[in-house]
Amino acid sequence: YMDTLLKDYFGLFPVKIEKLNGYDNINYLVKSHKNSYILKTYSNITLAPLLEAETETLIYLYSNKSFNSPKPIKLLDGSYFKKIIYNKNEIIIRLLSYVEGTFIGDLNSSEQITNSLGVLLAKLNLKLQSWNNAVIKSRDSEWNLDSYSICKEYISQIKNSKDRALVEYFFQQYEFEVIPISRRLRKSIIHNDANEWNLLVQNDSVNGIIDFGDISYSHLINELAIAIVYNSYRESDYLLWAEKLIAAYNSIIPLEEIELKVLYYKISLRLCISACNSAKAKNINPENIYMVHSESKIWKMLREWIKISPYKAENHFRKVCGYKEIKQVTISSLISRRKNIFSSNFSLSYNSPIYFKKAAFQYMYDEQGNTFLDAYNNIPHVGHCHPKTIIKGQNQISKLNTNTRYLYDSLYNYSEKLLARFPKSLNKVFFVNSGSEASDLAIRIAKWYTKKNKLMVVEKGYHGHTQIGIEISDYKFNNPKGIGQQEHIIKVPLPDQENIIKSNIEIINGFDDQLKANENQIALFISETILGCAGQIPLPENYLKNIYSKIRNQGGLCIADEVQTGFGRTGNHFWAFEDQGVVPDIVILGKPMANGHPMGAVITSDKISDSFSKGVEFFSSFGGNPVSCEIASSVLDIIDEEELQFNSKEVGDYYKKTLKQLKQDSQYIGKITGQGLFLGIEIVKNNTEANPDLAQKIKNSLRNKFILVGTDGEFNNVIKTKPPLCFNKHNVDQVISRLYEIIKTI
Ligand code: PMP
């Protein structure tokens, strides 16, 4: 049939016809004795106005001599395309000249290809800058970066929730960083799809461009951003290949500073658009190989792109184009400003402090363009700047922010969702603004309920910075500069990790003596399940079970501090106390609750809260406000959707296992403590002796290798690692290999 079609409509007598795969149409390679052509057929006849516009553009471009592009071939009736009936359906046909050459996609990357590609695109863009077409200008397409909101609707079609979050993150950052300045970006009609299968190479140089089906009116810089994706994603050093292409393009069309400012985000946007369109296409037709052939490379680049700091990218791009690097603030000036306004007991991490500007999931970007792997901060629990937490907070703050004296949905919705995570008996919640405030309130509630005054705490525990917080925190009051142990505080020793079973008995014995001495005067016992500030020290099995029953027998309450360990961090359970098989009377929450937005809570039973309600009104101006509740609610959703508790268990187990392997090779590594993504690495000398100097050295060396950890413990010799729960096994490998490099040189 094609033979007759070509003869009847074009007067061609083909010797060979070969069907080609197209994205949304069917093409044929047609060979006659003299020439080769591409016959294009379209089942979507509404494309007619666009095909006309594309044809006009191709005719306009064909006059150009500096690169090859398809020439539209007239039908016998003088038109450039025609609606015909094919298989009882109306289709459009048209014919284009065949552009000779080898696809970039069939060749290895090279400097020459990249250079000539940049030059060709710039020449094409120069020519198109004086091209105007109303149909193209009014076109809204899912491949146009400036119409990216079409693709935002496809995010839900991406199967993996972590991948969805990554795409959402980049869309959101685009909206923060680019949209506000986008009207200042140059616009033009652009080809809009400079991928490796649309560009042709002859004599090692790119000299042909085909497929103008995505032609759009768009920011000029989008042309380059798109080309960068497809030129870089074949390689591993994405930034380097981007720079090469930018340099070549810039030699013909000098780029503006604002274009270089947005380019990092434009590249990420194209990656996201491609990821969304692939997800959609796969859902519609799982066999559409044309669509998904680039998918794995797109995802690989997207996952790597987030590890490149936008500040680094911008400065590299500027350098390539001959602009000065953006001037950086000197760290020493920031430190002296700090000294002017803060007390010197505000500590600052590292010998060489870090000036952070931005963060994404487990990565943090400093002003100098470095990307740090965050193996330390547990507050951004579901990942720094998780797009879902941001959008929820933004939406709510733009609608209503008020306090618990009024009625509003988010308070109920969140409270019910949160309480559902607790054992049934814990069914009342009080909202505050920090872990300290939560422990302070918990102590007040317990004292009120029991009408007792003595508070039992565990050695090296930390519960907060308020007056009560310090009084119950051995970590603070027992510091050489601390206030010392108050009369009403009873302290039980931290279980000895050397011999947990033996020490367990000893501690319980020691505990019994303390209990006897203060019989019926103890209002409460408060403890973490894994003591963070003590150096990630877990309580021995059954420890809490034993103590809780004794405390309760003498009329006291048991408080679990889940400020550090809650929300799935320790892997086995949502709350660390569950590992001990106990149900506390009161639980305090903080840090990760709203992913860095200040929020804390006290959870207790009906009976205890009823008793507290006989006292003065409880009110916290900010506690439980709608914005905090919305953000906190998104944290719970993300933990579920992204299976972060499971991730914590799986990655945490792997982390602990690899750390233990490292210990085999090093006399400087002592015990590896903790569980899930809440681990401690003891640094020792002579195999057992605490080695705080080395711990500091390792912490600072890791910082110089762009990995964040902390130190803590009685001798400040425990390296603490408690990263955002999106931390993955590759991240673990990164930490381990850097640690190995450091330890090797000691
Ligand atoms: N409890 C524990 C176990 C903590 O680690 C902390 C903070 N390090 C707090 C309570 C106090 O929380 P915040 O700093 O939010 O007041």
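First a term for my own use: two strands pair if DSSP finds at least two bridges between them. Helices (H or I, at least four residues) and strands (E, at least two) are DSSP runs, numbered from the N terminus. I am working on a predicted model, in which local features need pLDDT of at least 70 and side-chain atom pairs count only at pLDDT 80 or more, while totals for chains, interfaces and linings use all residues. Residues are numbered from 1 along each chain as its sequence is written, and side-chain values use heavy atoms, with hydrogens and water left out.

**Entry 1: strand S23**

I began with strand S23, residues 600-604. Which strands does S23 pair with? I found S22 (residues 586-589), antiparallel to S23 over four bridges, and S15 (residues 428-432), also antiparallel, joined by five bridges.

Is S23 buried or exposed? Five of its five residues are buried, so the strand is largely enclosed by the rest of the structure. Buried here means under 20% relative accessible area, against over 50% for exposed and in between for partly exposed (1.4 Å probe, protein chains only). I reminded myself that side chains in a regular strand alternate between the two faces of the sheet. In S23 both faces are covered, with Gly 600, Val 602 and Thr 604 buried on one side and Ala 601 and Ile 603 on the other.

**Entry 2: a three-stranded sheet**

Next I looked up an open antiparallel sheet with the strand order S7-S9-S10. Its edge strands are S7 (102-103) and S10 (205-209), each pairing on one side only. S9 (residues 199-202) meets S10 through four bridges, and I marked Leu 200 with its partner Gly 208 in S10. Helix H3 (residues 111-129) lies across S9 and S10, at about 35° to S10. Such angles run from 0 to 180 degrees between N-to-C directions, and axes are lines fitted to C-alpha atoms, for helices over the stretch in contact. Contact means heavy atoms within 4.5 Å.

**Entry 3: two helices**

Last, I checked H7 (residues 220-232) against H9 (residues 257-284): they pack at about 60°, with axes 8 Å apart. That makes H7 oblique to H9 (under 35 degrees is roughly parallel, over 145 roughly antiparallel, 65 to 115 roughly perpendicular, the rest oblique). The contact includes Ile 221 and Val 229 of H7 and Leu 263 and Arg 270 of H9.
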